[in-house]
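Reader: Got a new model on screen. Can we walk through its charged pairs and then a pocket?
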Amino acid sequence: MSTGFRLLEFLPCLKSWLTLPPLGYNCKTALVCTWEGKKRGQSGRNQRETFIFLFVFDCLVVPGKKKVWNWVSYLEEERMPAAPLKLFREYQSFPQGRNGFKAGMKLEGLDPEHPSQFCVLTVAEVQGYRMRLHFDGYPECYDFWVNADSSDIHPVGWCEKTSHKLLPPKGFKEGEFSWTSYLKNCKAQAAPKSLFKTLSTPVTPSGFRLGMKLEAVDKKNPSLMCVATITDMVDNRLLVHFDNWDESYDYWCEASSPYIRPVGYCQETGTPLTTPPGYKDSKAFSWERYLEETNSQAAPARAFKLRPAHGFQVNMKLEAVDRRNPILIRVATIVDKDDHRIKIHFDGWDRHYDFWVDADSPDVHPVGWCAKTGHALQVPLGKVDDLILLPVGQACPTPGCHGIGHVRGPRYGTHYTLVGCPYSEVNLSRENLLQDRLSGERPSPSSSMPKAKRPETPAPFLLGAGESSQEDSSQSR
């Protein structure tokens, strides 16, 4: 007898239940339900106790209803193609091995909000080939998700070996942190080195050196091309820092990135160049004079290896991480594109949840990735109504939201109000309002909410066939 039929024996005991879309575990279906029981407290009175269960079963057969969602049928129904596997980078495609990381393992890695900072991290949760990482000593609201083969994570001791500064857990003074004693005191295990991605040919990008100058797109304000410096190099990646700006705008990229160009590119193409804030003579900026004043060199033009435009097309289907609720991966469609980005739409959801993402983002995957890696896949809204058997209990009022996740991060795994819902109208524009993890400062609405004003003519270094809107820019400098 299947698990699905055995589950029906529990019906008389269930207070309420809520079906979720199939999670992608080899085409299995999941059911979340609550079961209210009673226990006798110290006072002798009966106290109610609610248990939450997640049942995963092969197929829930409802009389007269046998429809189970799958990619093959859905693509035929939509008459749209899956994005070809050849368009995805190696780290976006199906992994060769399994995810060997376990909850509780320690490692070193980059802070996505402070890309120049390497920190002490702990694996807090594992979902298929992904994992949620926690900053030791800090609240869970700063946790973030990465793939198991991410280039942003490293084994214990990597920073010391490569002469990078390691930011210790909160409460440690500089110079007093030791991995050996820390692991012993925490009774924790360092993640084995064999679990980390290693490049088959780790070659430093030819021609680039630390301190060299270049012109780079500000990815938080994509219409701006700015004066920038290479401040770090790891394997085949460069850390781009914008002169006289704080490091929260920094980002890592490869030498082939479309976001970096050699000194003089803006002048040659007629693109406005944003000079460093506070520079004494910004209107008459001269690279020759600036390089002399900063005692620096320009990165040679031969070092830049601009990659060709991606091959993704509008209406192609794929699987993508929901950036508003990154524990989830959803069925998605490409609804717009430019030379180096694609615009993601989650099937069944309103268009105002659409967003632009780099075509080489590690959060974009081919059809079937979730099933292959054992990760939950959230199917399109309206495609699993046949599986709802009983009235839903207390649930989030936002259409399509099953109450998974919380606007305040993983500290709260679920929600049932609009205030806590990542998709509610009240929270759609509330981004980056957490206190900064390191400085403790809370971004003011005036600096984090408004979108950067775009020039009337889109900058040629970023936009291609697709026309971008202001929603692409998340923060004004």
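Reader: Start with Lys317. Is Lys317 buried or exposed?
Author: This is a predicted model. In it, Lys317 counts as buried, at 1% relative accessibility.

Reader: Which residue does Lys317 form a salt bridge with?
Author: Asp347. The closest N and O atoms are 2.6 Å apart. Lys317 sits in strand β16, residues 317–321, and Asp347 in the loop between β18 and β19, so the pair ties together parts that are 30 residues apart in sequence.

Reader: And Asp347, buried or exposed?
Author: Buried, with a relative accessible area of 6%.

Reader: How many salt bridges does the structure hold?
Author: It holds 19.

Reader: OK, Arg437. What does Arg437 form a salt bridge with?
Author: With Asp111. Their closest N and O atoms are 2.9 Å apart. This pair links distant parts of the chain, 326 residues apart. Arg437 is in the loop between α7 and α8, while Asp111 is in strand β4.

Reader: Now Lys219 and Asp358. How far apart are the closest N and O atoms?
Author: They are 3.2 Å apart, in a salt bridge. Lys219 lies in the loop between β10 and β11, and Asp358 in strand β19, so the pair ties together parts 139 residues apart in sequence.

Reader: Which residues are linked in a network of salt bridges?
Author: Arg89, Glu254, Arg307 and Asp360.

Reader: Switching topic. What space lies in the second largest pocket?
Author: About 520 Å³.

Reader: Which residues lie nearest its centre?
Author: His154, Trp158, Lys197, Thr198 and Asp235. The lining of that pocket has 23 residues.

Reader: How do the lining residues divide into nonpolar, polar and charged?
Author: The lining of the second largest pocket has 11 nonpolar, 7 polar and 5 charged residues.

Reader: Which element gives the largest share of that lining?
Author: Helix α3, with 3 residues. β8 (153–154) and α3 (158–162) each supply at least two residues of the lining.

Notes:
Residues are numbered from 1 along each chain as its sequence is written. This is a predicted model: local features need pLDDT of at least 70, side-chain atom pairs count only at pLDDT 80 or more; totals for chains, interfaces and linings use all residues. Side-chain values use heavy atoms; hydrogens and water are left out. On a 1 Å grid over the protein atoms alone, a cavity is a set of points where a 1.4 Å probe fits but cannot get out, and a pocket is an open set with protein on both sides within 12 Å along at least five of seven lines; lining residues have an atom within 4 Å of a point. Grid points are joined across faces, edges and corners, and a volume is the space filled by probe spheres set on the points. Helices (H or I, at least four residues) and strands (E, at least two) are DSSP runs, numbered from the N terminus. Ala, Val, Leu, Ile, Met, Phe, Trp, Tyr, Cys and Pro count as nonpolar, Asp, Glu, Lys and Arg as charged, and the others, Gly among them, as polar. A salt bridge is a side-chain nitrogen of Lys or Arg within 4 Å of a carboxyl oxygen of Asp or Glu. Buried means under 20% relative accessible area, exposed over 50%, partly exposed in between (1.4 Å probe, protein chains only).
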